[in-house]
Amino acid sequence: MRIGVDVGGTNTDAVLIDGSQVLASFKKPTSENISAGVSSAIEAVLNRAGVAPSAVSAVMIGTTHFTNALVERSRLDEIGIIRLASPSGEALPPFTGWPSDLTGQIGKHFFLLPGGYEFDGSEISAFDEDKVRDAARAFRKRGITSIAVSSAFAPINEAMEKRAAKIIREEIPNAVISLSHEIGRLGLIERENGVILNAALATLASHVMTSFEYALEQRGLNARLFISQNDGTLISAMHASRFPVMTIGSGPTNSMRGAAFLTDIRDGIVMDVGGTTCDIGVLVNGMPRESSVAVDIGGVRTNIRMPDVLAIGLGGGTRIHFNPDKNLANGSTLRGLRIGPDSVGYRIMQESFLFGGDTLTASDIAVASGHAIFGDPSLVPALSTEAQTAIWSRIQAILEDGVDRMKTTAGDTTIIAVGGANFLIDDTIKGAAEVLRPAHASVANAVGAAIAQVGAQIDKIIDYEKTPRDVAQANLRKSALAQCAASGACENIEIVDVEEVFLSYLPGRTAQIRIKAVGDLADVSSTTIHSSERAIAKVTRAH
Amino acid sequence: MRIERSMLADLARGAAFLGSGGGGDPYYSLLLAEAAIKRCDAFELLPLSEISDSALVAPCGWIGAPTVSVEKLPNGREAVAGLRRLETIMGRKIDAVLPIEIGGGNGLAPLIAAAELGVPVLDCDGMGRAFPESQMTIFNIRNLSACPSVLTASCGSLAVIETDDNLTHERIARSLSVALGGIAHLVEYPLTGAQAKANAIPGSVSAAFSAGAAIRNAHANSEDLFEALTQALRDTGLYPYSFTLFDGKIVDLERETRGGFSIGKVIIDGFGGQDRMEIEFQNENLIARRNGNVCAMTPDLITVMDRETADTITTEKLKYGQRVKVIGAAAPAMLREENALEFVGPVAFGLGLNYTPIEKLNARAPA
């Protein structure tokens, strides 16, 4: 059995899953003390299902900790970065274009040192061991232990970044070192930005993982702990403490994966409606579509892989700006009507009319107009049917526009409505061939965490004149599958994505290839959806 | 005109549009220009008519692979080293610089050089858009020599190219750029002020500014971005016809690399499900067909843009599923002259048809 937990900004959700069956679920507002919240969520699902802690083999957690820290500029480390590319790139040193409140937190300590590679793999300049050592000593003197290293064309050749890491380790034994080739793809500035953010999260990540482990221990669980990543795959807690930035888009990803799992739908649109926003994403072959543009994280441009999600400011707690008294009397119902974007968020249980408050919210309208049943409808101010219908259709129009913006094909598509406020999506919403509301829809994100697979991704530039295309691709596929197995996958390991981009203005046929493999964890292969439809590559586990 | 830091993003946005699908993403050029403007305050943009006939003006820009340029970044001394060497060769000071091509990242490239040298940027360029090769500049079309030309790379290497033949010049420069890591800075087609006035595409830098500013303002005022853009382009007089050619979603994309160029075809279906647009590209967008009928061709501009943000999508960033508008614009008149079409018209790209202006192909579209 597995437990999936999703720690969101508003709610912490948890599910207990056996095979493909959801045994119990739990949702409550995210507490100040997050590990206590995780611990009590785990306890709650175990109690509800009447299952002993010993029956749980793995716990998967998706968390919003790191996004919050970056957005709030809090709990970040002072960091040092060494870039190996000089003399190339000196015109654009690290932190170029960064918001000053962020550099105020993490500092602007960098060294531009010789090193890096050309596109063909030759060295821009030779690696200078002494200079790297001096830089590490300078960081040590300042008490900096979170260190990032970037290097030109590191996705093609990571050797220099690794050499630098070894020297830094010798000088600062307790350093947490982030290397750019482990974080991002081609595009030095964006990749370097990502690795800097990763380094800035080092201490927090280690604390968060320790507190999760403590939460498991507290509940008497002897289960493996996994953290979900942006692309919907899992990494071990130890791995996550080194790569926190790879987990910051996991919330929407988990709800999309959960939605796919709960409905058996592989291609469609997922709408996750929470208290404040509706996240709209696209499922392609059961996986979230990835964003193809640079991703802005806390005001910094990165090329970290993230799900392509459109967040609309519309959720269960969204305020409806509308004066019922003025509008009811004379029937001119819509004067000054505005939907959000502000929301009462998690205070919906106090502030909405349904629960005895005095703020008109989207939930009040949904209940008053018969689209949902909860709270006390008699507390909602009496609205004319016209007013209700008008507000309801305005809400639908906002959602329909969002769906239309995310669709990639003409014609209607399957919509999977999940999240606590999925009742805001009408069955007749435009653009939908059907609206599916699976059981456990309100905890789809925790389900997505629980059923996640492990994966591996490889990004390389290959000159097809040196290595024939089929040989190169076969080799990369092989190493993607092997890496996937090494990360703990033991069944149904398969290549889920191959992308090839040819590089222009260069002689020969040089292409950038990206290959992604995923596979099931040992004890959960029964959760695989449509496994028969996949090309299954069996790889024996290395250990 | 003074170019302040706040205006650079407008220039980048406008230059990206004028790239007609090529010229690369101006993001890094924008960061570089911002860094330069921080050091050197504001840039001076000088109208072409105000340069003296005897002045020495130097077109410059980057040559190489956009995909390499995001990894192998400049060290910031390339442009100045090249320009200084040109001064030595010519035995005199450079009075102004200009972008060899306004489209894409190169539209911003000379700003950095101008800042370092303390000379103005001339409000003109050599292409009026972006083209894949150096001999497609108006200066070659008008029989001016590319040489002496100076190529510099971030490693500090410098090469002076001397040849009478501009095509040979392009070939040498291209191979040197590959040998030096796939990207290099090129100062070429040194001109007198009189030659610049007679031959450069006038007003293209300020046209890029207005195009970018129009989109920004329309964003701020929640107005139609594409109305604002096409109106601004028409108002420049340099791009007298401009309109939306198509609105839809990318449903297919083919590409391959041939002879160092990224060649391919993108298919866009209209939202009604009836109409289809097909665009062929060779780094830049070359020809657009609506339901099988040609509706724009090089040298007229064809730019694919995000239909929500009006961000330009360069050909290497095209992706299945993107929701786009295709905007067309008439090329500057100088590029439509008969001898110019030999270099930049459909024949130059082996399209096997004669050039028809975009306004004739879309006679019923608004001017």
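How many residues of domain 1 of chain B are in contact with domain 2 of chain B? In this predicted model, 22 residues of domain 1 of chain B meet 22 residues of domain 2 of chain B. On the domain 1 side of chain B, α1 (8–18), α3 and α6 (138–141) each supply at least two residues. By class, that side holds eleven nonpolar, nine polar and two charged residues. The domain assignment places domain 1 of chain B at 2–202 and domain 2 of chain B at 241–361. The C-alpha centres of these two domains of chain B are 25 Å apart.

Chain B as a whole was examined next. Its secondary structure amounts to twelve helices and 17 strands. The C-alpha trace of chain B spans about 60 × 45 × 40 Å along its principal axes.

The contact between the chains draws 38 residues from chain B and 28 residues from chain A. Four elements of chain B give two or more residues to the side that touches chain A: α2 (27–40), α3 (66–69), β11 (242–258) and β12 (261–270). The largest share of this side, five residues, is from α2(B). Sorted by class, the side of chain B that touches chain A comprises 13 nonpolar, 14 polar and eleven charged residues.

Chain A is divided into four domains: domain 1 (2–69 + 206–248), domain 2 (77–200), domain 3 (266–450) and domain 4 (452–533). Six residues of domain 3 of chain A are in contact with four residues of domain 4 of chain A. The domain 3 side of this contact in chain A has two nonpolar, three polar and one charged residue.

Two helix pairs of chain A were then considered. Packed helices are described by the angle between their axes and the distance between the axes. In chain A, helix α4 (residues 129–142) packs on helix α5 (residues 159–171) at an angle of about 45 degrees, and the axes are 9 Å apart. α4(A) and α5(A) are therefore oblique to each other. Their crossing is right-handed. From α4(A), the contact takes Glu129(A), Val132(A), Arg133(A), Ala136(A), Arg137(A) and Arg140(A). From α5(A), it takes Ala164(A), Ile167(A), Ile168(A) and Glu171(A). The contact of α4(A) with α5(A) has five nonpolar, no polar and five charged residues.

The second pair is helix α1 (residues 34–49) of chain A and helix α7 (residues 202–218) of chain A. The axes of α1(A) and α7(A) come within 9 Å and cross at roughly 35 degrees. The crossing of α1(A) and α7(A) is right-handed. α1(A) contributes Ile34(A), Ser35(A), Val38(A), Ser39(A) and Ile42(A) to the contact. α7(A) contributes Ser211(A), Phe212(A), Tyr214(A), Ala215(A) and Gln218(A). By class, the contact of α1(A) with α7(A) divides into six nonpolar, four polar and no charged residues.

Key:
Residues numbered from 1 in each chain as written. Chains lettered and ligands numbered in written order. Predicted model: local features only at pLDDT ≥ 70, side-chain atom pairs only at ≥ 80, totals over all residues. Contact = placed C-beta atoms within 7 Å. Nonpolar A, V, L, I, M, F, W, Y, C, P; charged D, E, K, R; others polar. Domains from an automatic or database assignment. Axes fitted to C-alpha atoms, helices over the stretch in contact; angles between N-to-C directions. Parallel < 35°, antiparallel > 145°, perpendicular 65-115°, else oblique. Left-handed = near helix turned anticlockwise from the far one by under 90°.
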